[in-house]
Amino acid sequence: MDTTLRETIKLLKGIIVLDIIFIAIIYILGKFDIPMLQGILIGSVYALLNFRLIAVSLKRAVQMSPGRAQIFASISYMGRLALTAAIILAAIKVDYINAFGVIVPMFFPKIIIVGSAINRKV
């Protein structure tokens, strides 16, 4: 199995755990409803997709010349940034999706990556 796919699967497992914790906290606070659940699912799927897009684009960029790789990486970054903005704006505009539920899971990959790095150091 390729390394990027293995890391994506690890990230998926971490996102599922953090989703469950997030849902439990929201439920305890009495803020849980269907739009929140839909937002969490959309944010989690996008966070995983974004990570996978980074992995694939970096894998492709490594095989290019430095100048071409820089241009490719910049375009890829701008595309992912525009997609993130579009998803957040759509969540804000649409009533049946909770924007907070979309935004919070977008930070889960960072939490998982930092947490696993700290865990390796300890």
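These questions and answers look at pockets and salt bridges in a predicted model.

Q: What is the volume of the largest pocket?
A: Rolling a probe the size of a water molecule over the atoms shows where empty space is left. In this model, the largest pocket has 16 lining residues. Its volume is about 320 Å³.

Q: Which helices each supply at least two residues of the lining of the largest pocket?
A: Tyr-46, Asn-50, Thr-84, Met-106 and Lys-110 lie nearest the centre of this pocket. The helices asked for are α2 (34-62), α3 (66-93) and α5 (108-121).

Q: How many residues in the lining of the largest pocket are nonpolar?
A: The lining holds 16 residues. Two of them are polar and two are charged. The nonpolar residues number twelve.

Q: Which helix gives the largest share of the lining of the second largest pocket?
A: This pocket holds about 180 Å³ of space. Both α1 (3-28) and α5 supply at least two residues of its lining. The largest share is five residues, and it comes from α5.

Q: How many charged residues line the second largest pocket?
A: The lining includes Glu-7, Lys-10 and Arg-120. Asp, Glu, Lys and Arg count as charged, so these residues belong to that class. Five others are nonpolar and one is polar. The charged residues number three.

Q: How many salt bridges are there?
A: Side chains of opposite charge can pair when their charged atoms come close. Here Asp-2 meets Lys-59, and Glu-7 meets Lys-10. The count is two.

Q: How many residues apart in sequence are the parts that Asp-2 and Lys-59 tie together?
A: The side chains of Asp-2 and Lys-59 form a salt bridge, at 2.6 Å from N to O. Asp-2 sits in the segment before α1, while Lys-59 belongs to helix α2, so the pair ties together parts of the chain separated by 57 residues.

Q: Is Lys-59 buried, partly exposed or exposed?
A: Buried means under 20% relative accessible area, and exposed means over 50%. Lys-59 has 43%, so Lys-59 is partly exposed.

Q: Which helix holds both Glu-7 and Lys-10?
A: The side chains of Glu-7 and Lys-10 meet in a salt bridge, at 3.2 Å from N to O. The two residues are three apart, about one turn of the helix. That helix is α1.

Q: What is the relative accessible area of Lys-10?
A: Glu-7, its salt-bridge partner, is partly exposed at 33%. Lys-10 is also partly exposed, with a relative accessible area of 48%.

Terms used: Residues numbered from 1 in each chain as written. Predicted model: local features only at pLDDT ≥ 70, side-chain atom pairs only at ≥ 80, totals over all residues. Heavy atoms only, no water. 1 Å grid on protein atoms, 1.4 Å probe; cavity = no way out; pocket = protein on both sides within 12 Å on 5 of 7 lines; lining within 4 Å. Points joined across faces, edges and corners; volume = space filled by probe spheres on them. Helix = DSSP H or I, 4+ residues; strand = E, 2+ residues; numbered from the N terminus. Salt bridge = Lys/Arg side-chain N within 4 Å of Asp/Glu carboxyl O. Buried < 20%, exposed > 50% of the residue type's maximum accessible area, 1.4 Å probe, protein only.
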